[in-house]
Amino acid sequence: GSAGGLRGRKRDMHEGGIRVPGIVRWPGKVPAGAESAVPMIGSDVFPTMLKAAGLDVPADRVIDGVNLLPVLTGSASAVERPQPLYWRLHMAPNAKMAMRVGDWKILADDKLEQFELYHLSEDQQEAKDLKDQEAAKFAELRAQLVSHTAAIDAEATKMYKAALDVIFEQK
């Protein structure tokens, strides 16, 4: 049950609630004992497994994750993300969503009215909210979080409507 000194616990948007160790074993491909500080998220599994199987990622839809095979095999130490790391959980006790871009992380309530900003390489415990000291970075990430959340909501609505159309066409 320990978050290893990180702020938050399970179901929390702070690092103690979302940062967990990951283990990959693939003899002959992933070097034994290798470690990486590259953040990964569940949505990275799909494109990574497709590439491992020699398949291409579908181009007909938005894929939030990235192929991390180069990081896992040791041929790269970083990865470029077209989409930010993003978490959203309405059951979370305080902040309901978080977004990470590089070492910057912004958290927000479900109405996108209350925010927190942290620079994780300097403050892994998320002890010092920087939204007032880093006003320009806060404004940039706030706008990106609002826009990204709106895009996700729009895609979810589109998928929901498409699912309803299929259901009602079959009746």
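The model is a predicted one.

The secondary structure comes to 4 helices and 4 strands. Along the sequence, the pattern reads α-α-α-β-β-β-β-α. The C-alpha trace spans about 50 × 50 × 35 Å along its principal axes. Of the 171 residues, 32% count as buried. The protein exposes about 11200 Å². Carbon and sulfur atoms supply 54% of that area. Contacts between residues at least 6 apart in sequence were also examined. Among these, 42% join residues at least 24 apart.

The 4 strands form an open sheet. Their order is β1-β2-β3-β4, and the pairing is antiparallel. β1 and β4 are the edge strands, and each pairs on one side only. From one strand to the next, the twist averages 10°. Strands of a sheet pair through backbone hydrogen bonds, either parallel or antiparallel.

Two of the pairings can be followed residue by residue. β1 and β2 pair in the antiparallel sense over 4 bridges. Here Y86 stands opposite M99 in β2. β3 and β4 also pair in the antiparallel sense, over 5 bridges. K105 stands opposite Y118 in β4. The hairpin of β3 and β4 has 6 residues between the strands. In this hairpin, L112 takes a positive phi near 55°.

β4 is an edge strand, yet β4 is mostly covered. F115, L117 and H119 point one way from the strand. E116 and Y118 point the other way. Residues of both groups are buried, with under 20% relative accessible area.

Helix α4 covers residues 135-169 and has 35 residues. From its first C-alpha to its last, α4 reaches 51 Å. This is close to the 51 Å expected at 1.5 Å a residue. F138, L141, L145, H148 and T149 are buried in α4. An α-helix has 3.6 residues a turn, so residues three or four places apart point the same way. The cover over the buried residues of α4 includes strands of the sheet. Among the covering elements are β1 (85-88) and β2 (97-101). β3 (104-108) and β4 (115-119) are included too.

Key
Residues are numbered from 1 along each chain as its sequence is written. This is a predicted model: local features need pLDDT of at least 70, side-chain atom pairs count only at pLDDT 80 or more; totals for chains, interfaces and linings use all residues. Side-chain values use heavy atoms; hydrogens and water are left out. Helices (H or I, at least four residues) and strands (E, at least two) are DSSP runs, numbered from the N terminus. The expected span of a helix is 1.5 Å times one less than its number of residues. Buried means under 20% relative accessible area, exposed over 50%, partly exposed in between (1.4 Å probe, protein chains only). Contact means heavy atoms within 4.5 Å. Two strands pair if DSSP finds at least two bridges between them. Axes are lines fitted to C-alpha atoms, for helices over the stretch in contact, and angles run from 0 to 180 degrees between N-to-C directions. Accessible areas come from the Shrake-Rupley method with a 1.4 Å probe; for residues, only the protein chains shown count as cover.
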